[in-house]
Amino acid sequence: MSTPLPSQPIREDMQVHSTFSDGADPIEANVRAAEAMGLTRMTCMDHVRIGTDWLPAYVAEVQRMRERTQVELICGIEAKLLDTTGRLDMPADDEIPDGVQVVYAADHQVAMDGGVRHPDAVRAALEAGELTAAEVFSALITSTRECLDSPRDIVIAHFFSILPKLGLDEAGAPLDEIDALAAECARTGQRIEVNERYRSPSARTLRPFVQRDIPLLVSTDSHRAGTIGRYDHCLTVLRELSVDA
Ligand SMILES: [Zn+2]
């Protein structure tokens with residue numbers, strides 16, 4: 001099996017936030033930090049919602065920095081999943097400039113049939129027996145799976161990062177449904193990231209993706225320049241996966 005694992009030390013950081021959304025540092029400072037860490041690739045990433053209006057300025061700033069660095073810069077946006085049809089909280093297609101290259105689909109809340117629910121409400125419903133763990137895992141996996149069949153490049157962002165807020169353990173996630181998600185990822189040519197900030201997903205969750213040769217993107221999900229390109233969880237997971245390979 002050919003493994004899609006990046007070379008070590010990791011020379012990429014595929015999710016770095018800036019002051020365009022909730023990052024502490026501007027894109028320029030992030031790029032300088034990436035250079036200092038010897039990175040060759042970095043994905044600029046900021047959170048959008050349906051009414052976000054700063055995308056033209058954001059794309060222009062990434063382009064301006066491309067002319068000022070050797071680091072390959074990718075321009076991405078992150079949007080939360082809204083329901084089990086895989087709808088994403090982002091501007092309409094004709095409001096997204098061409099320079100946006102990739103969309104990260106994120107489980108910031110629980111995307112269920114009919115809409116999102118706050119993690120606290122889902123946790124309470126689980127404790128009250130109104131929802132089962134199986135139903136919640138299914139909603140998380142289904143919403144993610146359904147967003148993949150898109151003309152846009154999609155990356156599954158920090159998959160299962162919400163589980164601790166729900167009181168659920170990733171080790172209990174249904175492997176058959178994860179496998180179906182990986183199959184859809186392979187069919188649609190989409191990708192998944194390993195995320196340092198949330199320390200997710202685990203090697204167990206990623207194994208079906210690796211078995212299908214789906215490229216794993218490695219990211220710190222940095223919200224300040226000082227953490228760009230610094231890995232611990234990701235190295236452990238990649239090591240576990242390469243031992244299998
Ligand atoms: Zn996120």
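User: How many bridges join strand S7 to S8, and do they run parallel or antiparallel?
Analyst: Two bridges join strand S7 (residues 154-156) to S8, and the two run parallel. Two strands count as paired if DSSP finds at least two bridges between them. The strands and helices themselves are DSSP runs, numbered from the N terminus: helices are H or I with at least four residues, and strands are E with at least two.

User: Before we go on, what kind of model is this?
Analyst: This is a predicted model, where local features need pLDDT of at least 70, side-chain atom pairs count only at pLDDT 80 or more, and totals for chains, interfaces and linings use all residues. Residues are numbered from 1 along each chain as its sequence is written.

User: Ok, back to the strands. What's the bridge partner of Ile156 in S8?
Analyst: Ile156 has Ile192 as its bridge partner there. Ile192 also stands opposite Leu216 in S9.

User: What's the order of strands in the whole sheet?
Analyst: Seven strands make an open sheet, ordered S1-S2-S3-S4-S7-S8-S9, with parallel pairing. At the edges are strand S1 (12-17) and strand S9 (216-219), each pairing on one side only. From one strand to the next, the twist averages 30°. For angles like that, axes are lines fitted to C-alpha atoms (for helices, over the stretch in contact), and the angle runs from 0 to 180 degrees between N-to-C directions.

User: What actually holds strands of a sheet together?
Analyst: In general, strands of a sheet pair through backbone hydrogen bonds, either parallel or antiparallel.

User: Are the faces of S9 covered or open?
Analyst: Both are covered: Leu216 and Val218 are buried on one side, Leu217 and Ser219 on the other. Buried means 20 or more other C-beta atoms lie within 10 Å of a residue's own, exposed means 12 or fewer, and partly exposed is in between, with C-beta atoms placed from the backbone. In S8, five of its five residues are buried. Arg191, Glu193 and Asn195 lie on one side of S8, with Ile192 and Val194 on the other.

User: Switching to helices. Which residues of H2 are buried?
Analyst: Those are Leu55, Tyr58, Val62 and Met65. Seen down the axis of H2, its buried residues fall within an arc of 90°, so they line one face of the helix. The arc is that of the directions from the helix axis to the C-beta atoms. On the face turned away from that buried side are the exposed residues Pro56, Ala57, Ala60, Gln63 and Arg64.

User: What do the buried residues of H2 pack against?
Analyst: They pack against helix H1 (27-36), S2 and strand S3 (72-80).

User: Now the core. Which residues have the most contacts inside the largest one?
Analyst: Cys44, Val103, Ala105 and Val110 do, in a largest nonpolar core of 75 residues. A nonpolar core is a set of buried Ala, Val, Leu, Ile, Met, Phe, Trp, Tyr and Cys residues joined through C-beta atoms within 7 Å.

User: What is Val110 in contact with?
Analyst: Leaving aside neighbours within four places in sequence, Val110 is in contact with Val116, Arg117, Pro119, Val122, Val136, Ala139, Leu140 and Ile162. Contact means that two C-beta atoms, placed from the backbone, lie within 7 Å. Val136, Ala139 and Leu140 are among the buried residues of H4.
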